[in-house]
Amino acid sequence: MKSSALHADALIWDAHACLPLSPLADVSALARHKAAGVDYVSINIGMDMNPIEQVMATLAAFRAQVQARPDLFRLVESGADVERARTDGVLALGFDLEGGLPLLGRAEMVVLFGALGVRQIHLAYNRNNALCGGCYDLPMGLTALGREIVAAINAAGILMDCSHTGEKSAFEIIEASNAPVVFSHSNPRAVSNDKRNIADSLIDACALRGGVVCANGVGRFLDDPEAGTPSILRAIDYLVTRIGPRHVGIGLDYSYSQGIDDDPPGLNKDYWWPRAEGYSNGINIRIATPEQWPEITEGLVKLGYAEADIRAILGGNMLALAKTVWRR
Ligand SMILES: [Zn+2]
């Protein structure tokens, strides 16, 4: 099958993207994802740095906008919902939380966020918190409260994500979780030696428990300021060689800025994106765009991958995992 036909026919899953974390954000911009052939995208609704007031106002606005455009978008609860949305020609959406602080230390908040459309949660954003370690902080394990939250995420049928998490905690979450975990947007350290990327041993541990590692499109984490498609393919190919095509996915991490300043008041960017790790004033680097999705499919065909493996990487693996983890 030609790559353009395969791209049109395959179910495509973007495991992580961002809109401005503001009620002013225009969700209809996600039509770019649909136009690029994407069938499901997970949208961030808050990170550890965002106060709960901002997270809830943003979530309410996103939900209202999605529900106002059933001709374009659909919030999904199950893998079967994703397939139905695709058949109906609408973009399937789920929400994700980047960090556990908006859970306010309460397991029942996991249930509430799940009821509001959150399908994927990770526990710490870059820095340590009361649940576990972050990737740019001192080594720290999963706390007792963190274990309680992992169990709540499992019980609620939400995907346990380990992106942005510290290494020691990520190993402990993979062990503690009673379902396979994902790295929704994390590249191998072998591709770019950044603490936000993950070591081979962690990649292996995720795959051994049935999880999926999704390659990330942020230039910094690809060791390519241009975030070019060949660099994304290099990350995917490394993962496929390491753990096989059934444990690899894609979360490009594209961020729709829309000219909206969504930084909470008094945000200390140097804390969340430390200068000691090479950041200056947060993340200022190109990120792969949704329009690169067809190039990724074309590149996988050129690499000589089997069609079934390409379909698995583009979305089949994440769909299969969602079918076992999410509520049906
Ligand atoms: Zn992220």
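Q: What covers the buried residues of helix α12?
A: In this predicted model, the cover over the buried residues of α12 includes helix α1 (3-9), helix α10 (229-243), strand β9 (248-251) and helix α13.

Q: Which residues of α12 are the buried ones?
A: Helix α12 spans residues 293-302, and its buried residues are W293, I296, T297, G299 and L300. Viewed down the axis of α12, these buried residues fall within an arc of 160°, so they line one face of the helix.

Q: How should I read the way α12 and α13 are placed, and at what angle do their axes cross?
A: An angle over 145 degrees between N-to-C directions counts as roughly antiparallel. Here the axes of α12 and α13 come within 10 Å and cross at roughly 150°, and the two helices are therefore roughly antiparallel to each other. The crossing in which α12 passes α13 is right-handed.

Q: Which residues meet between α12 and α13?
A: From α12, the residues T297, L300 and V301 meet I310, I313 and L314 of α13.

Q: What follows α12 in the chain?
A: Helix α12 is followed by G304, which has a positive phi, near 90°.

Q: Which residues have the most contacts inside the largest nonpolar core?
A: In soluble globular proteins, nonpolar side chains tend to be buried together. In this structure the largest nonpolar core has 95 residues, and those with the most contacts inside it are I173, V213 and L239. Helix α13 (residues 307-325) gives the most to this core, contributing nine residues.

Q: Leaving aside neighbours within four places in sequence, what is L239 in contact with?
A: With those neighbours set aside, L239 is in contact with P188, I203, V213, A215 and V248.

Methods: Residues are numbered from 1 along each chain as its sequence is written. This is a predicted model: local features need pLDDT of at least 70, side-chain atom pairs count only at pLDDT 80 or more; totals for chains, interfaces and linings use all residues. A nonpolar core is a set of buried Ala, Val, Leu, Ile, Met, Phe, Trp, Tyr and Cys residues joined through C-beta atoms within 7 Å. A residue is buried if 20 or more other C-beta atoms lie within 10 Å of its own, exposed if 12 or fewer, and partly exposed in between; C-beta atoms are placed from the backbone. Helices (H or I, at least four residues) and strands (E, at least two) are DSSP runs, numbered from the N terminus. Two residues are in contact if their C-beta atoms, placed from the backbone, lie within 7 Å. The arc is that of the directions from the helix axis to the C-beta atoms. Axes are lines fitted to C-alpha atoms, for helices over the stretch in contact, and angles run from 0 to 180 degrees between N-to-C directions. Angles under 35 degrees count as roughly parallel, over 145 as roughly antiparallel, 65 to 115 as roughly perpendicular and the rest as oblique. A crossing is left-handed if the near helix is turned anticlockwise from the far one by less than a right angle, and right-handed if clockwise.
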